[in-house]
Amino acid sequence: VPDAAAAVEVCRALGLSGRPEAVDPLLKIWDALLDRKFRRFGLPPELEAVRAAAAEGLGRLGDIKAVPVLRRGLIDEDKTVAARSAEALALLRDAGSAPALARLAEGPDDALARTALEALGALGGPVAEEALRKTLDGPRPMLAVSAAYGLGRQERVVGRLRLEGWLEETV
């Protein structure tokens, strides 16, 4: 990729295009950069940004062909790639990714865990609800807020009540 910044913008534009034929070029750049990452034992941050933008674009396009790539992205050591992959899987409504998202939500990185919780809130389903409820009563207050919001999105009364209760406590 000669110009990573331009490649990021191209990935974003392809994702925003909504055109089904944009999926394959995004998958191709993802695969090429992942291969390069493995061969060179890493990628510079500007090329990881291209992978993150490709994940974002794939989510916007809504094609389930992207699911295996995005699930792989959840375990990427680059946190931005993992976060954009989580968001993309939520956009694709891939309930099969809920267990992996739940594991990500339990990880040590609060920002990444928050993104995973938001994705679980968007996905819904029993695995997502279990993970959100577990976090709601866990030791990390900022993540509990994300969990409550996710439960609220799933129309679970406990999420809304918890959010309202926290607001009342601040007054």
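What radius of gyration would a compact globule with 171 residues have, and what does the protein chain have? A compact globule of that length would have a value near 16 Å, and the protein chain has 17 Å, which agrees. The radius is taken over C-alpha atoms, and the globule rule is 2.2 Å times the number of residues to the power 0.38.

This is a predicted model, in which local features need pLDDT of at least 70 and side-chain atom pairs count only at pLDDT 80 or more, while totals for chains, interfaces and linings use all residues. Residues are numbered from 1 along each chain as its sequence is written, and side-chain values use heavy atoms, with hydrogens and water left out.

**View 1. The protein chain has ten helices and zero strands.** Helices (H or I, at least four residues) and strands (E, at least two) are DSSP runs, numbered from the N terminus. The C-alpha atoms fill a box of roughly 55 × 30 × 30 Å, taken along the principal axes. Of the contacts between residues at least 6 apart in sequence, 59% join residues at least 24 apart; contact means heavy atoms within 4.5 Å. Buried residues account for 45% of the 171 residues, where buried means under 20% relative accessible area, exposed over 50%, and partly exposed in between (1.4 Å probe, protein chains only).

**View 2. The largest nonpolar core has 54 residues.** Such a core is a set of buried Ala, Val, Leu, Ile, Met, Phe, Trp, Tyr and Cys residues joined through side-chain atoms within 4.5 Å. Among the residues with the most contacts inside the core are Trp30, Val50 and Leu70. Leaving out residues up to four places away in sequence, Leu70 touches Ala55, Leu58, Ser85, Ala88, Leu89 and Leu92. In soluble globular proteins, nonpolar side chains tend to be buried together.

**View 3. Alanine 86 lies in helix H5 (residues 79–91).** Alanine 86 counts as buried because its relative accessibility is 0%. Beyond its neighbours within four places in sequence, alanine 86 is in contact with Leu74, Leu101, Leu104, Thr115 and Ala119. The C-alpha atoms of alanine 86 and leucine 112 are separated by 9.0 Å, and these residues are 26 apart along the chain.

**View 4. Arginine 51 is in helix H3.** Arginine 51 has 0% relative accessibility and therefore counts as buried. Not counting residues up to four places away in sequence, arginine 51 touches Trp30, Leu33, Leu34, Lys37, Leu43, Asp76 and Val81.

**View 5. Isoleucine 75 sits in the loop between helix H4 (67–74) and H5.** Its relative accessible area is 66%, so isoleucine 75 is exposed. Between the C-alpha atoms of isoleucine 75 and valine 50, which are 25 residues apart along the chain, the separation is 17 Å.

**View 6. Phenylalanine 41 lies in the loop between helix H2 (23–40) and helix H3 (45–61).** Phi of phenylalanine 41 is near 60°, a positive value in a residue other than glycine. Phenylalanine 41 counts as exposed because its relative accessibility is 79%.

**View 7. Glutamate 155 lies in the loop between helix H9 (141–153) and helix H10 (157–170).** Although glutamate 155 is not a glycine, its phi is positive, at about 60°. With a relative accessible area of 71%, glutamate 155 is exposed.
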